[in-house]
Amino acid sequence: MRYVSTRGQAPKLGFSDAVATGLAPDAGLYVPEKLPDLSASWPQWAGLSYADLCFEFMRIFASDIPSDVLRDIVTKSYTKFDHPETAPLIQLDPRTYVLELFHGPTLAFKDFALQLLGNLYEHQCAGRKQTINVLGATSGDTGAAAIHGLIGKPGTAIFILYPDGRVSPLQERQMTCTGADNVHALAINGSFDDAQLALKELFADQAFRTTHRLSAVNSINLARVLAQCVYYLYAWLRLPVADRAKVEFVVPTGNFGNVLAGWWLQKMGVPIAGFKLATNQNDILYRLFTTGEYRVSAVEPSLAPSMDIQVASNFERFLYYNLGEDSERLRAVMAVFKQTGAYRFENFDADTLSASRCPDAEIPGIIRRVHQQFGYVVDPHTACAFKELSPERVSVVLATASPAKFPDTIQDAIGIEPTHPSLERLKELPIVKHCVAASPQAIADFVVKHTV
Ligand SMILES: *Cc1c(COP(=O)(O)O)cnc(C)c1O
């Protein structure tokens with residue numbers, strides 16, 4: 001399998017190179033040259049363990065990695081999850097399920113992709129006898145998950161930028177209390193989008209990227225999207241057969257990365273009825289899927305901070321397919337968007353994709369309602385997904401974080417303070433963070449001093 005850039009002006013790459021490169025040199029995102037058709041494969045995969053399913057799926061895409069090596073990488077990636085099913089599917093009532101994606105080392109769904117990505121990087125460093133410096137911007141969970149994917153791995157360093165004061169105290173501890181020499185947490189004076197923009201500029205400097213062997217670990221990395229396809233398939237295969245074609249996945253959404261993974265799977269021939277994008281009050285995607293207009297506005301910090309973004313970076317991949325995989329048209333659209341901050345969107349698949357919006361004021365009430373109705377505690381991101389479930393479809397709500405990561409919100413809502421042993425341990429450890437201005441130059445200076 002080879003990968004092309006959405007913008008069509010970068011060389012085609014194999015899987016490992018596309019993963020190492022992150023953002024394509026033409027500023028596009030890598031996508032499979034052709035999405036495979038899985039309709040003959042998935043029926044044989046029911047009953048596989050999570051890691052085995054992941055291996056069967058990933059070997060189609062990572063065809064440049066020898067099979068036995070890939071199997072080791074995949075198996076290793078899911079050993080740090082603390083639930084035997086890795087991604088347990090919990091039935092709340094006959095039409096409502098929760099897919100718990102928070103049993104990994106940082107208690108949020110991003111571990112699914114970033115444990116795998118960390119092991120892919122390690123494999124690459126060893127194979128090429130090279131070091132790699134991984135950079136990413138985070139609104140909370142990505143950074144923690146990326147760090148825990150690479151912690152202590154030889155030949156790697158990781159630099160994570162996060163908006164100072166705008167991630168939860170526990171998220172900050174997960175990034176800053178690692179004690180690992182190869183981990184650098186940079187507290188940026190600005191918003192997540194400021195951090196991401198600075199990073200984008202840094203990566204646009206081809207020479208700088210190459211000299212310092214930089215790789216991006218934001219949500220646009222190809223391996224992340226592919227790794228995330230697996231849990232949709234895993235959940236779908238565990239549903240009663242009669243429910244499968246009626247299922248709508250309800251996805252707490254920020255960058256569109258998570259929902260894109262599910263949507264790809266549907267395009268690969270897994271008959272999923274639909275996806276609902278659940279946004280918080282930062283609702284660019286909600287506005288898009290209800291009015292057709294994609295327009296950037298300012299970020300408002302919310303109770304579901306990992307969805308506090310306004311530019312949904314993975315959206316470009318969706319747009320690419322929506323425009324008939326036509327890179328020239330995509331470039332034209334992106335140029336208009338860059339110039340005006342808005343784009344009028346036609347002709348998206350409203351039957352497959354719908355959206356809901358959950359302002360902060362409603363989050364505690366939803367946590368309370370779900371607790372009363374089902375005896376189940378959801379974190380503030382997952383709460384956004386419970387805002388309104390389809391009356392006709394079977395809903396599988398993706399629970400993207402453990403409630404234990406957001407104890408204050410849960411305490412306010414239902415008077416219970418959730419905890420988790422891994423978070424309790426963190427409270428004993430010293431915080432190590434570096435305060436840096438949100439300018440590409442300041443960040444570049446820091447990185448150059450600490451690369452491996
Ligand atoms: C990152 C994150 C999201 C949003 O995921 P996207 O891939 O950006 O859509 C939702 N919930 C939690 C808990 C997250 O960490």
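A polar contact here is a pair of N or O atoms within 3.5 Å. The model is predicted.

**Stop 1: the ligand**

Start at Phe-256: a polar atom of its backbone lies 3.3 Å from an oxygen atom of the ligand. Move to Gly-257. Here a polar backbone atom is 3.5 Å from a ligand oxygen atom. Then select Thr-400, where the side chain takes part: one of its polar atoms sits 2.9 Å from a nitrogen atom of the ligand.

How much of the ligand's accessible area does the protein cover? On its own the ligand has 380 Å² of accessible area, and the protein covers 98% of it.

**Stop 2: the largest cavity**

A search of the whole structure gives two of 30 Å³ or more. Go to the largest, with a volume of about 310 Å³.

Select its lining, which comprises 27 residues. Nearest the centre of this cavity are Phe-109, Lys-110, Gly-254, Asn-255 and Ser-306.

Now colour the lining by class. Expect 15 polar residues, nine nonpolar and three charged.

**Stop 3: the second largest cavity**

Move on to the second largest cavity, of about 40 Å³. Select Leu-170, Ala-404, Pro-407, Glu-417, Pro-418, Thr-419, His-420, Leu-423, Glu-424 and Lys-427 to show its lining. By class, five of these residues are nonpolar, two are polar and three are charged.

**Stop 4: the sheet**

Finish at a sheet. It is open, and its three strands run in the order β2-β1-β3 with antiparallel pairing. Select β2 (13-14) and β3 (30-32) at the edges. Each has a single partner strand, so one side of each is left without a neighbour in the sheet.

Zoom in on β1 (residues 2-5) and β2. These strands pair in the antiparallel sense over two bridges. Which residue of β2 is the bridge partner of Tyr-3? Select Leu-13 to see that partner.

Notes
Residues are numbered from 1 along each chain as its sequence is written. This is a predicted model: local features need pLDDT of at least 70, side-chain atom pairs count only at pLDDT 80 or more; totals for chains, interfaces and linings use all residues. Side-chain values use heavy atoms; hydrogens and water are left out. On a 1 Å grid over the protein atoms alone, a cavity is a set of points where a 1.4 Å probe fits but cannot get out, and a pocket is an open set with protein on both sides within 12 Å along at least five of seven lines; lining residues have an atom within 4 Å of a point. Grid points are joined across faces, edges and corners, and a volume is the space filled by probe spheres set on the points. Ala, Val, Leu, Ile, Met, Phe, Trp, Tyr, Cys and Pro count as nonpolar, Asp, Glu, Lys and Arg as charged, and the others, Gly among them, as polar. Two strands pair if DSSP finds at least two bridges between them. Helices (H or I, at least four residues) and strands (E, at least two) are DSSP runs, numbered from the N terminus. A polar contact is a pair of N or O atoms within 3.5 Å; within protein, one must be able to donate a hydrogen and the other to accept it, and residues adjacent in sequence count only if both atoms are side-chain atoms. Accessible areas come from the Shrake-Rupley method with a 1.4 Å probe; for residues, only the protein chains shown count as cover.
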